[in-house]
Amino acid sequence: MINGVLLAAGRGSRYGADKLLEPLADGVPMAVAALRSLLPVVHRAFAVVRPGCGRLAHLLMEEGALVSIFPGADRGMGASLAWGVGVLPEHTEGILMALADMPFILPDSYRQVAEALRGGALIAAPSYHGERGHPVAFSIRLRTELEALSGDEGARSLIARHQEALVLVDVDDPGVLRDIDRPADLER
């Protein structure tokens, strides 16, 4: 059973507004679009949000995510991921980590990364034209290391420690590289 962790607890300070509620061209809020691509691939999706994000939490719950409010969200993405992994049920076999500011990843890219994990990979991630992207999937064997993460670098240090075990899955999806940090990123 692979469960998803949607990281939606960032402050979005470079964006200048609450970017996760920013509507895309089709009117769907950014975080909701990211969740919709993740949901068909995982058993359950757990969204990590910061305190005071009631509207975001409500929208994600309406879509089917279980929402966990992380009081320490200001400690960074690594700490938010550790929190999200900590709320997963004991019977979780794999973790598919998704970012709420990456709404253009195709569901098939999530599926291919999850399949690599089901096939025995310790860590799996998509690759588009030779560049590693998101989402990243982790075997439950890394749960303790994931729960120990902190800071703002996410799982980068953990992936570096296990670089030899990383399985890259070639995908035809530029969305795996496209995160939204500034308003101009949406206009591209």
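Contact between two residues is taken here to mean that heavy atoms lie within 4.5 Å, and helices (H or I, at least four residues) and strands (E, at least two) are DSSP runs, numbered from the N terminus. The structure is a predicted model, in which local features need pLDDT of at least 70 and side-chain atom pairs count only at pLDDT 80 or more, while totals for chains, interfaces and linings use all residues. Residues are numbered from 1 along each chain as its sequence is written, and side-chain values use heavy atoms, with hydrogens and water left out.

In the contact of helix α1 with helix α2, the residues A31, V32, L35 and R36 of α1 meet L56, L59, L60 and E63 of α2. The residues of this contact divide into six nonpolar, no polar and two charged, where Ala, Val, Leu, Ile, Met, Phe, Trp, Tyr, Cys and Pro count as nonpolar, Asp, Glu, Lys and Arg as charged, and the others, Gly among them, as polar. Two packed helices are described by the angle between their axes and the distance between the axes. For α1 (residues 30-38) and α2 (residues 54-63), the angle is about 25 degrees and the axes are 10 Å apart, which makes α1 roughly parallel to α2. The axes are lines fitted to C-alpha atoms, for helices over the stretch in contact, and the angles run from 0 to 180 degrees between N-to-C directions; angles under 35 degrees count as roughly parallel, over 145 as roughly antiparallel, 65 to 115 as roughly perpendicular and the rest as oblique. The crossing of α1 and α2 is right-handed, a crossing being right-handed if the near helix is turned clockwise from the far one by less than a right angle, and left-handed if anticlockwise.

Helix α1 is mostly covered, since eight of its nine residues are buried, and a residue is called buried under 20% relative accessible area, exposed over 50% and partly exposed in between (1.4 Å probe, protein chains only). The buried residues of α1 are M30, A31, V32, A33, A34, L35, S37 and L38. These buried residues pack against β1 (2-8), β2 (45-49), α2, β4, α4 and α7 (183-187).

M30 is also one of the residues touched by D101, which, not counting residues up to four places away in sequence, touches K19, L20, M30, R178, D179, I180 and D181. D101 lies in the loop between β4 (94-99) and α4 (107-118), and it counts as buried because its relative accessibility is 14%. The side chains of D101 and K19 are joined by a polar contact of 2.9 Å, the term standing for a pair of N or O atoms within 3.5 Å, of which, within protein, one must be able to donate a hydrogen and the other to accept it, while residues adjacent in sequence count only if both atoms are side-chain atoms.

Beyond residues up to four places away in sequence, H162 touches L122, I123, L142 and E145. In helix α6 itself, A160 counts as exposed, as its relative accessibility is 52%.

Strand β5 contains P126, which is buried, with a relative accessible area of 0%. Apart from residues up to four places away in sequence, P126 touches V113, E131, R132, G133, H134, P135, L168, V169, V171 and V176. H129, in the loop between β5 (123-128) and β6, has a phi near 50 degrees, a positive value in a residue other than glycine; with a relative accessibility of 68%, H129 counts as exposed.

Finally, G78 belongs to helix α3 (residues 77-86) and is buried, its relative accessible area being 0%. Leaving aside its neighbours within four places in sequence, G78 is in contact with L149, S150, G151, D152 and G154. The C-alpha atoms of G78 and D108, which are 30 residues apart along the chain, are separated by 26 Å.
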